[in-house]
Amino acid sequence: MKFRHLLEIVHCQPWLITPAAHETIRNLLDQKLAGVDLAFEPTEQPSMFVQDGVAVIPVKGVIGKGLSAIEKSCGACGVEDIAANIAAVENDPTVGAVLFDIDSPGGSVPGVPELAETIRTMGKKSVAFTEGQMDSAAYWLASGTDCIYSTPSAEVGSIGVYMPWVDQTKRYEAAGVKVDVIKNTGGTYKGMGYPGTALTDEQRAHLQERVDGIFSMFTEAVLAKKPKVTADSMRGQTFMGKAAKKAGLVDALGSYTDAFNEAKKLAVS
């Protein structure tokens, strides 16, 4: 049942992630459902630490909410864990600023808008840094900080939302199966996307409205702290460091040390 639930999330829910990362998740899940014995090498998530008055909070891997221990051991990052770290440093008088060390292609939607708002309204100054990926959900979180650093070769952006809805009608037809969904009168959206059926125009419009609503929340959050970002830079594309800075997505190019030193300055300002 757990994997069936994950299948619905992967194939039928909005995502804030790069297509390549989502495809990796989808392929692994499909193999697991097909009975393939997958061998995972557990990955220990890095822990928050405090140095010179700066709390370094890692945001590594795919971002999600309500993750299992197995998902975390495979490299996923829980929004609840990040929020708990923020709560801890907010109450720590020895911490003057926070550095979010990010390497993430993004993730699912639940919990991300709320966590981004928590970051934006923190009582401590904050800096985000990446030398890998700061995409989609990860950028949403980073956009709430006071300053964003990236290395020149880092990938930043992917501002957008998509929902990969799988239409299996042709597969069912090829198998000689016709699916009818009997539902209550007026239940326009009940049974929407049931395997073997196609979306109606009304159902598709409903899902489009949902995706557009999430995207509106995303762009509003970005522009709240990064007003120089243009609409043309928020069309789902990614940028490398120099181009990201030109587009207003990044405030400065530099190393981890540069970002840490900026956080140190903010800690005593």
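This is a predicted model: local features need pLDDT of at least 70, side-chain atom pairs count only at pLDDT 80 or more; totals for chains, interfaces and linings use all residues.
Helix α4 (residues 79-90) and helix α5 pack at an angle of about 15°, and their axes lie 10 Å apart. Axes here are lines fitted to C-alpha atoms, for helices over the stretch in contact, and angles run from 0 to 180 degrees between N-to-C directions. The two helices are therefore roughly parallel to each other. Angles under 35 degrees count as roughly parallel, over 145 as roughly antiparallel, 65 to 115 as roughly perpendicular and the rest as oblique. α4 passes α5 in a left-handed crossing.

Residues are numbered from 1 along each chain as its sequence is written, and side-chain values use heavy atoms, leaving out hydrogens and water. Helices (H or I, at least four residues) and strands (E, at least two) are DSSP runs, numbered from the N terminus.

Which residues meet between the two helices? From α4 come Val-79, Ile-82, Ala-83 and Ile-86. From α5 come Val-112, Leu-115, Thr-118 and Ile-119. Contact means heavy atoms within 4.5 Å. Thr-118 is partly exposed, at 35% relative accessible area. The scale is this: buried means under 20%, exposed over 50%, and partly exposed in between (1.4 Å probe, protein chains only). Thr-118 and Gly-107 are 11 residues apart in sequence, and their C-alpha atoms are 18 Å apart in space.

**Salt bridges**

The structure holds 9 salt bridges. Each is a side-chain nitrogen of Lys or Arg within 4 Å of a carboxyl oxygen of Asp or Glu. The table shows some of them.

| Pair | N to O distance |
|---|---|
| Glu-117 and Arg-120 | 2.8 Å |
| Lys-226 and Asp-251 | 3.8 Å |
| Asp-232 and Arg-235 | 4.0 Å |

Glu-117 and Arg-120 both lie in α5 (residues 112-120). They sit 3 residues apart, about one turn of the helix. Glu-117 is partly exposed, at 39%. Arg-120 is partly exposed too, at 35%.

Lys-226 forms its salt bridge with Asp-251. Lys-226 lies in the loop between α8 and β11 (238-240), and Asp-251 in the loop between α9 (241-246) and β12 (252-253), so the pair ties together parts that are 25 residues apart in sequence. Lys-226 is buried, with a relative accessible area of 3%. Asp-251 is partly exposed, at 34%.

Asp-232 and Arg-235 are both exposed.

**Two buried loop residues**

Gly-53 lies in the loop between β2 (49-51) and β3 (54-60). Is Gly-53 buried or exposed? It is buried, with a relative accessible area of 18%. Beyond residues up to four places away in sequence, Gly-53 touches Thr-94, Val-95, Gly-96, Ala-97 and Ala-267. The C-alpha atoms of Gly-53 and Val-268 are separated by 8.7 Å, yet these residues are 215 residues apart along the chain.

Thr-197 lies in the loop between α7 (169-174) and α8 (201-225). Thr-197 counts as buried, at 17% relative accessibility. A polar atom of the Thr-197 side chain lies 2.6 Å from the backbone oxygen of Tyr-194. Leaving aside residues up to four places away in sequence, Thr-197 touches Asp-167, Thr-169, Val-179 and Val-181.

Methods. A polar contact is a pair of N or O atoms within 3.5 Å; within protein, one must be able to donate a hydrogen and the other to accept it, and residues adjacent in sequence count only if both atoms are side-chain atoms. A crossing is left-handed if the near helix is turned anticlockwise from the far one by less than a right angle, and right-handed if clockwise.
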